[in-house]
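Please load the model in a viewer and keep the selection panel at hand. The stops below proceed from paired strands to charged side chains.

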Amino acid sequence: MHPSTFLPAALWASLIYAIPSCAETVNRTLTNGYGSTPSERHYINHTQALTVINSGIAKAIEINVPMNIAVLDPSATLVAFIHMDNSYLGSIDISQKKAKTVADFNGLFQSSGLYNRSQTLPGSDVYGIEQTNGGLVVFGGGQPIYDPMGYFIGAVGVSGGSVPQDVEVSTAAAEGVGSTIL
């Protein structure tokens, strides 16, 4: 049964026109962590995620390196992904795990933020952390995304080139909608 058969025409029309505007809004509440409800959290919306992807594609084309680019929200849920033509298939998983590494630690650092501490001798404070959480990636190419108001709204992970190339593309991608710095 079509919804218009049990909703008045005026209400049905208002719902149709309200849906796109709701999809464009970003939550601006004071919390993003434990004890908050989904409606109270900050997140990257689909329009912003596509901007991140397009900014990353533009930089990847500029440096002539095809990339895999993943955008996740703060809960590490995939929002957008692109596998550019001729980019490495093995980099698909790496790009998503770089973004997941950032999101799993609430955007406090880039994916490379754990590298030095995780690569030291056994017994150090986070030795082997890359083996946790279904696999983390502790080298460059994952960036937090903060909106202009300073809220952590998501993460981008890029893989397909050298680590410096991945960092260059992930930084350009994140800066497409906000900042990589809190």
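The tour follows, after a note on conventions. This is a predicted model in which local features need pLDDT of at least 70 and side-chain atom pairs count only at pLDDT 80 or more, while totals for chains, interfaces and linings use all residues. Residues are numbered from 1 along each chain as its sequence is written, and side-chain values use heavy atoms, with hydrogens and water left out.

Select residues 142-146, strand S3, where five of five residues are buried (under 20% relative accessible area; exposed is over 50%, partly exposed in between; 1.4 Å probe, protein chains only). Strands (E, at least two residues) and helices (H or I, at least four) are DSSP runs numbered from the N terminus. In a regular strand, side chains alternate between the two faces of the sheet. In S3, Gly142, Pro144 and Tyr146 are buried on one side, and Gln143 and Ile145 on the other.

Gly142 has Gly157 as its bridge partner. Between these strands lie five residues, and Gly150 in this hairpin takes a positive phi near 95 degrees.

Next, select Glu62 and Lys59 in helix H2 (residues 46-63). Their salt bridge has its closest N and O atoms 3.1 Å apart; the criterion is a side-chain nitrogen of Lys or Arg within 4 Å of a carboxyl oxygen of Asp or Glu. Glu62 is exposed at 57%, whereas Lys59 is buried at 18%.

Finally, select Asp104 and Lys100, four residues apart in helix H3. Their salt bridge has a closest N and O separation of 2.7 Å.

Technical notes:
Pairing = 2+ DSSP bridges.
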